[in-house]
Amino acid sequence: MSPRVGVVLFPGSNCEQDAFEAIRDLGGDAEILWHGDASIGAVDAVIVPGGFAHGDYLRPGAIARFSPIMATVSAFARDGGAVVGICNGFQVLTEAGLLPGALQKNRGLKFLCTTVSLRVASTDSVLTSETVIGQELRIPINHFEGNYTCSAETLAELQAEDRIVLRYVDNPNGSMDDIAGICSSERNVVGLMPHPERACRDLLGSTDGRPLLQSLLEAARIPA
Amino acid sequence: MAEPIHRSLGLTDDEAADIDRILGRSPNHLELAMFAVMWSEHCSYKSSRLHLKRLPTEGEWVLVGPGENAGVIDVGDGIAAAIRIESHNHPAAIEPYQGAATGVGGILRDIFTMGARPIALMDPLRFGPLNDARSRWIAEGVVSGVSGYGNSVGVPTVGGETVFDETYAENPLVNVLCLGVLPTDRLVLGQATGVGNLAVLLGSSTGRDGIGGVSVLASAGFSDDEADAAKRPSVQVGDPFEEKRLIEACLALLDAGLVVGIQDLGGAGLTCATSETASRGGMGMDVDVNAIPLREADMQPFEIMTSESQERMLAIVEPDGLDEALAICDRWEVQANVIGRVTPGPATGDADGGRLRILDGWDGDVLADLPAASLHEDAPLYDRPIHAPADWNEAERTLVGPDLPISEDLGGDLLDLLADTSWVWSQYDHQLFLNTVEGPGGDAAVLRLKHPVTGDDTGRGLALTTDGNHRWCAVDPRQGTALTVAESVLNLACVGARPLAVVNCLNFGNPEHPEVMWQLSEAIDGMAEACRALGTPVVGGNVSLYNESRGADIDPTPVIGMLGVVDRLDRRPPGPGLIDEGRLVLLGVTQPELSGSAWARAQGHRGGRLPALDLAFHTRVAGVVRTLVSGAMVAGIHDVGSGGLGLALAEMAVRSGVGFQAARIHDTAELFSESPSRVVICVAPDLLQPVLNVCEEAGIPTARIGVAGGTRLSVKDLFDLDLAVAAATWRDRLPSTLGAGTTQG
C-alpha cells in the first residue's frame, strides 16, 4: 500500500497542491488536511506546506500554530510520526515549538525566488535518509523570512547532535551556520526553507528534490 | 463663485445636461456621484471606444471577446484560458507600493470572476531613468508592491518587462496581466438574472479608501506635487490574504454551482458592480445601502457607492442556495452579506423595470433611482479631434529629425544597453503551481497546461509574452504597434508556441491633445492590421489615458500581451544562450535602418522611418522557428528586437557565460538595426546543415555570422569586449543603482 501523506491547508497556504502533486508523482497517496479539523485521519506522514498561513499576520506561523489541527500534528510528532515543514511550514513548526529557533527577514531585506545549491549535512532524518553526506542538490528557495537564527546554546546543540540536515553552499539569506534545514532530536520532524516539491521534474529544471521526498515516503512506509 | 458640483466630480457641462435628460430631472448628489464615476474616462472609454471597434476580435477559439471582465480562449482538452491586462499607472505614481499591489489584486479578480483559477501574472513596468532618485523610489516601491501582494496571494509572476526611460520620469507605467484556467463548461459571466435573486457582497468591508479613484486619479494628468499629495487618499490599500481567501471562496461557490453570476468590485466600486450585473442581465436591482458592512460608521451613501475598497466581489445567488453559499464563505473566513435583490428588467414592460435603486433600508427612502443601463450604454462617446504632429510626413511615413550621429565606441554603446532584470523578478515567486518551464528573463514564459480541476497534465503548454516599444511608437505609432505585435509572435515562436490571442494595454497621453488621439488611432490601426494578418484576435484590452506630467505626454506605449500554445511540451525550450563551438546563424533580413532603435535613442535621435514589416514573411519565419525549437535543432535562440543583433548576441553570451566571435556584421546599422522578422540561433556543428536546409525550404534567408566560445564578445572590425566585463555590467546595472535593500516591506 502506498504511504499516505497529509498536507495541511491553512487559509493563505499556497503550496499545498504542489506538495500533493509531487507526492502523488513519487507514488505516494496525498490528501489535504483542513486546518480547522482536529483530526489528521490515518495519514503516515504530514507536510506543512509553503505559503502565507493566515496571511503571515503578526509574523509567519504565529497564528497558524493555534489552528486546531496543530495540536494533533504536535501529538503525531511526539509519537514519532514524520512531519516536514517546507518554507512557511518550517516557520509554523518553529512557532509551534516542534523545532527550535526562528526565521527572520533575509539579510538583503528582499524576497528571494531563485534556485540554490544545498549540501546534505546529515542523512539521519526523515527527509534525508535517501541522500548521501555532502551530496549537492539544486533546489528553489522562495521566501522573505528564511534567515535562520537561534541562541548560541541551541546552535551548539544542533551541531553536536547532528541535527543540521541541509546547508546552503552559497548562503543567500544570512542564515546562521548556512542552515537550510534542521531536524528534531528524534529526527522525525524536519523544517527547511527550500522547496523540494519544486524540483521533481526535468521540465521544471531539476529533479534533486526527489530523493528528499522519497526519504519522507520511506519514513512513512515504516511507521515509527 | 463656487464651481458647480458636477465639474468638481469631473463631469463636463454637456455631460451634466445629458444626465438631466436621462433622469427627466436634476440628479441628487448621490446620483451625480454615481454617473461621475461611471462616465469617467477610465470606466466608459469615452475617448477610445470609437477607435477600439476597429480591432479584430473573432476566432473560432474565442469563447469571450472584449467587453467582459476577461477574454476567454478555448485551449483544448476541455480547458479554457481567461486573460486580461490592466494598467495601474496613476495610483503607482502617487503611492508606488500600494498602487502596484492593488493593480495585481484588481487583475486577479477580473480572472476569477470568470470562474478561472489565476495561474500566472506578468508585469510590464516602465519607469523614469535610473539616474533619477524619484524614479528609483517609484521603481523600488512598485517592485516591492508586486512582490508583496503577488507572492502572498499565491499566484506566480512569470514574466514582464522592465524599461527605464526619460519619458516615464513623472508618470511610470504599471501594467499587469493575469492568466487563468477554467473547465470550459464552468464559464460564468457577470450577469444578474432571475427576479428575486440576491446580490451578496463578499470580502472586505467598505471604507473611505479609493473614493473617486477612477475619476480623480485615472482620468486626469498630474500637475504639481502638492495637488498630487492631496490625491493620495484616492489610492486604495490592498490585503492579499483577504484576496487569497476570496479566490478560494469564489471558486468553491462556482464549483458548488451556487452562483448565477459574479462580478468583481474594481473601479467605481459598488456602483459599477451593481449596475453592470443588472444591465448585462437585462434586469434591475435594489440595493440597501445600510446592509453594506462599513469600516467607518459615518460614511455617506455616495462614499459607500463609489468607494474602491479592495478585495470585494458581488455574487448573484438564488435564495434557496443562500445558506450553503454563506457556509462556504464562513469556512474561508470571508464576510458575506445580502445587499441587493434582482428586480424586473425593462423587457417586462414594467415602467419601473431596469432601475438601479439605492435604498435607505429595504423599506426605507429611495436615495437614488436611475436606469441601470444608463450608467454604461448612455455614457458619452467622443470623437475627439485628431491631428498628426507638425513634424510628421504622411507621404513618406517619416518623423523629421536630425541625421544620426556616428559612434566611435560601438562596444561601449553595446555595454550601455545591457541590463539583467533578475533584480526585479527574483523578488517574485515565479514557480508556484509547478507549471513554470520557462520563467522570466527569456523571450516568453512557458507553463505546463494542467486541467484546473483534476490536475491532469495535458502534455501541452501555454506561452505568454508582453511587449511594448515606446521608441518605435514615438517615430510611427501605427508601424511601431504592428512591429510590437510581430515581436510578440516571434517571442512565442522562440519557445515553440503558436499564437492564439492578444490583449492590449494602451498607455497614452492626454486625449484632449489632437496629436495624442492621432497616436492612439494610428496604434489601433497598426494593431488591427498585424493581428488580422497574424491570426491573433484581440480578446480584451485596457486604455490608460492622461499619462502626462506638467503638460508633456508620454511617448505612446501600447503594450501587447500574447497567449500561445505549445502543442507538445516534452522538453524545455533552448532559451537565449550559447554553447561552445556552436555555430551562430541569423535568420531573416537586416534592413540598414536605425530609426526608432534603442541605439538611436541613446544617441538622442528620435526621428526617421521605421523598418518595413512584411507580415507574410514574418509568419513564415515564425513557422520555421517553431519547427527548429520543437524539433530540438537549436541549442540557443533569441528574438532580435530592441538593441538589435548586437544586443541579442551579447545577451546570449552573458546569460550562458560563453563568448563569441562574429563577422559579416558590417556597420552600425547592421549591428543595432531593429528590423523585424529576425532571430539569432546557436546550432551544434552537426546540426548546422539540417537547420540551414529547413530554412532554405521555407525560403528564409540565413547568414552564418560566427562561432560561439571563448571569453571575448567580438565582432570583426566593430568591437571586442571581455566577457567578464560584459557579464558584470549586465548583472550589476540594476542592483548597483536600485540597491540591495528595500525601504518597504
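Mentor: Two residues are in contact if their C-beta atoms, placed from the backbone, lie within 7 Å. This is a predicted model, in which local features need pLDDT of at least 70, side-chain atom pairs count only at pLDDT 80 or more, and totals for chains, interfaces and linings use all residues. Residues are numbered from 1 along each chain as its sequence is written, while chains are lettered from A and ligands numbered from 1 in the order in which they are written.

Trainee: Which elements do the buried residues of α15(B) pack against?

Mentor: In helix α15 (residues 410–417) of chain B, the buried residues are B:Gly411, B:Asp413, B:Leu414 and B:Leu417 (buried: 20 or more other C-beta atoms within 10 Å of its own; exposed: 12 or fewer; partly exposed: in between). Helices (H or I, at least four residues) and strands (E, at least two) are DSSP runs, numbered from the N terminus. Seen down the axis of α15(B), the buried residues line one face of the helix, because they fall within an arc of 160°, taken over the directions from the helix axis to the C-beta atoms. The partners of these buried residues, all in chain B, are α20 (598–602), α22 (644–656) and β30 (719–722).

Trainee: Are α22(B) and α25(B) roughly parallel or roughly perpendicular?

Mentor: The axes of α22(B) and helix α25 (residues 723–738) of chain B come within 9 Å and cross at roughly 90°, where axes are lines fitted to C-alpha atoms, for helices over the stretch in contact, and angles run from 0 to 180 degrees between N-to-C directions. Angles under 35 degrees count as roughly parallel, over 145 as roughly antiparallel, 65 to 115 as roughly perpendicular, and the rest as oblique. The two helices, α22(B) and α25(B), are therefore roughly perpendicular.

Trainee: How many nonpolar residues are in the contact of α22(B) with α25(B)?

Mentor: From α22(B) come B:Ala650, B:Ala653 and B:Val654, which meet B:Leu723, B:Ala726, B:Ala727 and B:Trp730 in α25(B). Ala, Val, Leu, Ile, Met, Phe, Trp, Tyr, Cys and Pro count as nonpolar, Asp, Glu, Lys and Arg as charged, and the others, Gly among them, as polar. In the contact of α22(B) with α25(B), no residue is polar, none is charged, and the number that are nonpolar is 7.

Trainee: How far apart are the C-alpha atoms of B:Val489 and B:Ala444?

Mentor: B:Val489 is found in helix α18 (residues 477–494) of chain B, and it is buried because 33 other C-beta atoms lie within 10 Å. Leaving aside neighbours within four places in sequence, B:Val489 is in contact with B:Pro499, B:Leu534, B:Met562, B:His618 and B:Ala622. Although B:Val489 and B:Ala444 are 45 residues apart along the chain, their C-alpha atoms are separated by 9.9 Å.

Trainee: How many charged residues are on the side of chain A that touches chain B?

Mentor: The contact takes 24 residues from chain A and 26 residues from chain B. On the side of chain A, α1 (16–25), β6 (112–120) and β7 (136–143) each supply at least two residues. By class, this side of chain A has 11 nonpolar residues and 9 polar ones, while the number of charged residues is 4.

Trainee: Which residues does B:Phe241 touch, not counting residues up to four places away in sequence?

Mentor: B:Phe241 is found in helix α11 (residues 240–255) of chain B, and B:Phe241 counts as buried because it has 21 C-beta neighbours inside 10 Å. The residues that B:Phe241 touches are B:Ser152, A:Gly12, A:Phe52, A:Gly55 and A:Tyr57.

Trainee: What is the phi of B:Glu311?

Mentor: Most residues other than glycine have a negative phi. B:Glu311 is found in the loop between α13 (301–306) and β10 (312–317) of chain B, and it is buried, with 29 other C-beta atoms within 10 Å. Its phi is a positive value in a residue other than glycine, near 60°.
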